[in-house]
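Subject: Handover of a structure and notes on it

Dear colleague,

Please find below the sequence and the structure that I am handing over to you. My notes on what was found follow directly after them.

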Amino acid sequence: MNSRIVMYFIVTVVFIFSILANQAVAKSPAVRTISDMTGRQITVPDPLTRVALFGGPTGQIAYILGARNQLCAVTSTLRGSDLILAFDPSIQKLPAPRSTSGHVNIEELLTADPQLVIAGTFDGTIVEKKTRIPVAYTESNMNHGLDLLKKEIRFYANVFQKQARAEKYIAYLEKTISFIKSRTKDIPQSERKTLFNGYGPNHLVTLGGDTFMHERIETAGCIDAAAAINSAGVKEGLHSGLTEMSMEKILGWNPDILVIDSGDPAELLKDPKWKSIKAVQNKKVYKQPVGVFIWDRPTAEAAVLYPLWLAKTAYPERFKDVNLVKEVQRFYREIMGFNLTHDLAEAVIAGKLGIRFVGNSGRK
């Protein structure tokens, strides 16, 4: 009898401990493991509801994926985008602890209480050194071609668990690129238009042939004036990927099309320094379009829209059936859920929208 009582006691104790253990497991927060773009494995809560997304150009990906409500902190430039503010004024309420690369307000980041920070090397290293917040690193470089862009979109989709939205964007991208190439592939080399991107107040800063821009220019059927220039490395005093040319170099290239990101094309047409260039003589000087971010950066929106805009601008007769305003409206409606008016789409194309750096105090 005693042995039966002992056995019953043991079975009862094991049963009770089993119940308690199962309860403990049930109460433990669920987690999952993600792989960042450098191959590191990071454990994050599941569901993931509070993400700090750093990087001015990449902030738009949250809208492409329909993951805006999972953000708890962003880069200040996203809060200062005219296009974002037109459709999501609530973005101003989010903390912006990151302003530019390497400038992260740790106190404000901690107040935002993220479960995960997505960042490039400079910002991510700062966060890891000063906090215990998990960091997923992006792979950011200025040779950011379409293959890397697709990898980036799928990485973010895995983080936010929005894979279907990612594949929708990628299909849209691939269809647009294929359409552009189908219209430009038979242009003889001797008839292709040469383009120079002249950035900065003096219009002499450009993106070299080893950057993402070269691929986009060629996709549009144009010749990259700066194709032989390497600029993808870090340049003192300039953003990575940019380098400054001499006026003599540009005069030698004599581009057919000139794209500027500041100032007024009408003013450049009057500048005697530029008067001998074909683009000026033929009044083919254009302002860089601006959407969520300016289209001279390796963003998801620009990967679709910049080559289409450039191809239509360079070869209007080959794209006379393409209504660029409607194409811009369609992209933002179908991919980001933004219903642009005709006037707003025209403002995007004309480069009239602003991207402002908004500080932590909210001052512009």
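In these notes, helices (H or I, at least four residues) and strands (E, at least two) are DSSP runs, numbered from the N terminus. Please keep in mind that this is a predicted model.

Helix H15 covers residues 342-349, and its buried residues are Leu344, Ala345, Ala347, Val348 and Ile349. The elements that cover these buried residues include helix H4 (82-87) and strand S12 (285-287), together with helix H13 (300-314) and helix H14 (324-336). Just after H15, Gly351 adopts a positive phi of about 70°.

The sheet of four strands

Four strands form an open sheet in the order S4-S3-S5-S6, and their pairing is parallel. Which strands stand at the edges? They are strand S4 (71-74) and strand S6 (135-137), each of which pairs on one side only. On average, neighbouring strands of this sheet are turned by 20° against each other, direction ignored. Strand S5 (residues 116-119) runs parallel to S6 and is joined to S6 by three bridges. Within this region, Ala119 stands opposite Tyr137 in S6.

Two helices deserve attention here. Helix H6 (residues 121-130) packs on the sheet, where it touches S5 and S6, and its direction makes about 160° with that of S6. Helix H7 (residues 146-160) lies across strand S3 (51-53), S4, S5 and S6, and runs at about 175° to S5.

In soluble globular proteins, nonpolar side chains tend to be buried together. In this model, the largest nonpolar core has 88 residues, and Ile118, Tyr169 and Tyr332 touch the most other members. H13 gives the largest share of this core, eleven residues. What is Tyr332 in contact with, leaving aside its neighbours within four places in sequence? Its contacts include Leu83, Trp295, Leu305, Phe338 and Val348. A second, separate core has 16 residues, among them Ala225, Leu258, Ile277 and Val280.

The salt bridges

The model contains 15 salt bridges.

In the pair of Asp46 and Arg32, the closest N and O atoms are 3.8 Å apart. Asp46 lies in the loop between strand S2 (41-45) and S3, while Arg32 lies in strand S1 (residues 31-35), so the pair ties together parts that are 14 residues apart in sequence.

Arg98 and Asp123 form a salt bridge through their side chains, at 2.8 Å from N to O. Arg98 belongs to the loop between H4 and helix H5 (106-112) and Asp123 to helix H6, so this pair ties together parts that are 25 residues apart in sequence. Both Arg98 and Asp123 are buried.

Arg154 and Glu167 also meet in a salt bridge, at 2.8 Å from N to O. This pair links distant parts of the chain, since Arg154 is in helix H7 and Glu167 is in helix H8 (residues 163-184), 13 residues apart. Arg154 is partly exposed, with a relative accessible area of 40%, and Glu167 is likewise partly exposed, at 36%.

Finally, a network of salt bridges links Asp36, Arg40 and Glu128.

With kind regards

Methods. Residues are numbered from 1 along each chain as its sequence is written. This is a predicted model: local features need pLDDT of at least 70, side-chain atom pairs count only at pLDDT 80 or more; totals for chains, interfaces and linings use all residues. Side-chain values use heavy atoms; hydrogens and water are left out. Buried means under 20% relative accessible area, exposed over 50%, partly exposed in between (1.4 Å probe, protein chains only). Contact means heavy atoms within 4.5 Å. Two strands pair if DSSP finds at least two bridges between them. Axes are lines fitted to C-alpha atoms, for helices over the stretch in contact, and angles run from 0 to 180 degrees between N-to-C directions. A nonpolar core is a set of buried Ala, Val, Leu, Ile, Met, Phe, Trp, Tyr and Cys residues joined through side-chain atoms within 4.5 Å. A salt bridge is a side-chain nitrogen of Lys or Arg within 4 Å of a carboxyl oxygen of Asp or Glu.
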